[in-house]
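Biologist: I have a model open and I'd like to learn how to read it feature by feature. Can you walk me through it?

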Amino acid sequence: MKTKAVLSADDVQSILAAARAEADQNNWGVTIAVADDGGHLLGLLRLDGSPTMSAYIAPAKANCSALGRRESKMLEDVINGGRTSFLSVPKLEGMLEGGVPIFVDGQCIGAVGVSGVKSDQDAQIARAGIAALKL
């Protein structure tokens, strides 16, 4: 039987706290979402001043990144490169920069999605959250 790492509730809280610290340091109002490897929401934090829509977009980015096993920006780039048929892929919403997968020993164990500021800033916040795990 194979075993794999999983995100614990404490891991999720660490990710959210570190991502929040990055957002607060830059005075960015965002929503931060953490998903497991199946894209299921484990934690959500909507900061003051975040756009209302970000509460829907951040979990979608996390879901997309977890299921796609790659940063959501890569899928956005595929679409922007002309492969618009990729928009019809089932179960993948949030194909926008700001979703970052979490890998342990080469296996995706989840993802962080952030929405509310420029997309590269969303990704910066997500990476700061993941860095708290010290993988």
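Predicted model: local features only at pLDDT ≥ 70, side-chain atom pairs only at ≥ 80, totals over all residues.

Biologist: Which residue stands opposite Ile32 in β4?

Modeller: Val114 does. Two strands pair if DSSP finds at least two bridges between them, and strands (E, at least two residues) and helices (H or I, at least four) are DSSP runs numbered from the N terminus. β1 and β4 pair in the antiparallel sense over 6 bridges.

Biologist: How do I read the whole sheet, then? What is the order of its strands?

Modeller: The general idea first: in a regular strand the side chains alternate between the two faces of the sheet. Here we have an open sheet of 4 strands in the order β2-β1-β4-β3, with antiparallel pairing. β2 (41–46) and β3 are the edge strands, each pairing on one side only. On average, neighbouring strands are turned by 15° against each other, direction ignored; the axes are lines fitted to C-alpha atoms (for helices over the stretch in contact), and angles run from 0 to 180 degrees between N-to-C directions.

Biologist: How many residues of β4 are buried?

Modeller: 8 of its 9, so β4 is mostly covered, where buried means under 20% relative accessible area, exposed over 50%, and partly exposed in between (1.4 Å probe, protein chains only).

Biologist: Now the interior. How should I think about a core?

Modeller: In soluble globular proteins, nonpolar side chains tend to be buried together. A nonpolar core is a set of buried Ala, Val, Leu, Ile, Met, Phe, Trp, Tyr and Cys residues joined through side-chain atoms within 4.5 Å. The largest one here has 21 residues, and those with the most contacts inside it are Leu7, Val30, Ile32, Ile102, Val112 and Ile125. The elements giving two or more residues are α1 (9–25), β1 (31–36), β3 (99–104), β4 (107–115) and α4 (119–131). α1 gives the most, with 5 residues. There is also a second, separate core of 6 residues, which includes Cys64, Leu75, Ile79 and Phe86.

Biologist: What is Val112 in contact with?

Modeller: Contact means heavy atoms within 4.5 Å. Leaving aside neighbours within four places in sequence, the partners of Val112 include Ile15, Ile32, Val34, Ala62, Ile102 and Ile130.

Biologist: Ser72 is polar by name. Is it buried or exposed?

Modeller: Ser72 counts as buried because its relative accessibility is 0%. The residue is in helix α3 (residues 72–80). A polar atom of its side chain lies 2.5 Å from the backbone oxygen of Leu96. The C-alpha atoms of Ser72 and Val100, 28 residues apart along the chain, are separated by 6.7 Å.

Biologist: And the cysteines: how many disulfides are there?

Modeller: A disulfide is a covalent bond between the sulfur atoms of two cysteines. The search looks for a pair of cysteine sulfur atoms within 2.5 Å, and over the whole structure it finds 0. Cys64 is in no disulfide, as the nearest cysteine sulfur, that of Cys108, is 11 Å away. That is too far for a bond. Cys64 is buried at 0% relative accessible area, and Cys108 is buried at 6%.

Biologist: Where does Asp37 lie, and what does its side chain meet?

Modeller: Asp37 is in the loop between β1 and β2. A polar contact of 2.4 Å joins its side chain to that of Lys4. By definition that is a pair of N or O atoms within 3.5 Å; within protein, one must be able to donate a hydrogen and the other to accept it, and residues adjacent in sequence count only if both atoms are side-chain atoms. Asp37 is also in contact with Arg69, among others.

Key. Residues numbered from 1 in each chain as written. Heavy atoms only, no water.
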